[in-house]
Amino acid sequence: MIKKYTIIDGYNVIGQSSRLKQLAQESLEEARIQLLIEIANYNARIADEMIVVFDAYDVKSHEREEVFHGIRVVYSREKETADAVIERLVYEMYEKHITTIKVVTSDLSEQHTIFGSGALRIPSREFINNLREEEINVAKDMVKMDNNKPRTRIEIDQKTKERLERLRRGDY
């Protein structure tokens, strides 16, 4: 069975989205959470293993991972870029013929490196468009499901209602 991975440069996607970039100016944490929510919704239908990488280059910390609604979130360690983490992950996970790895980034040098490692590239703006399209598709599916719901009540004309009411009261 082919293993499918999508590795996302989180801050690169935030920087390419006008909405998330604006949100990040107010609160970087909120922008990250909003991106992760959108990716989780997207992943519910795509079913790749999703990994989102955020760099903590200027933050004094060790590399850490967490899981957010089924998405693996990696924060790089101090003095390590998200690009370096992504390159390492691609190198560790790639197995020719049984692995498909897509990397979401618009970083040109990163694109060249990942191509050499056997991964495919999705530009950040294209990925943002994919998120929006999937959001629209889910909304359409919800409307379709709502329209196809079985009826909970049987439509009955007024005369029949009156007869049933008399039966209910025992007035045959």
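Guide: A salt bridge is a side-chain nitrogen of Lys or Arg within 4 Å of a carboxyl oxygen of Asp or Glu. This is a predicted model, in which local features need pLDDT of at least 70 and side-chain atom pairs count only at pLDDT 80 or more, while totals for chains, interfaces and linings use all residues. Residues are numbered from 1 along each chain as its sequence is written, and side-chain values use heavy atoms, with hydrogens and water left out.

Visitor: What makes the pair Arg 77 and Glu 80 a salt bridge?

Guide: The N to O distance between their side chains is 3.7 Å, and the rule asks for a distance within 4 Å; the pair therefore qualifies.

Visitor: Why is Glu 80 called buried?

Guide: Buried means under 20% relative accessible area, exposed over 50%, and partly exposed in between (1.4 Å probe, protein chains only). Glu 80 has 8% relative accessibility, so Glu 80 counts as buried. Arg 77, at 41%, counts as partly exposed.

Visitor: Why is the pair Arg 45 and Glu 134 said to tie together parts that are apart in sequence?

Guide: Their side chains meet in a salt bridge of 2.3 Å, N to O. Arg 45 lies in helix H3 and Glu 134 in helix H6 (residues 124–147), so the pair joins parts 89 residues apart in sequence. Helices (H or I, at least four residues) are DSSP runs, numbered from the N terminus.

Visitor: Where do Glu 29 and Arg 32 stand in relation to one another in helix H3?

Guide: Glu 29 and Arg 32 are 3 residues apart in helix H3, which means a separation of about one helical turn. Their salt bridge has its closest N and O atoms 2.3 Å apart.

Terms used. Helices (H or I, at least four residues) and strands (E, at least two) are DSSP runs, numbered from the N terminus.
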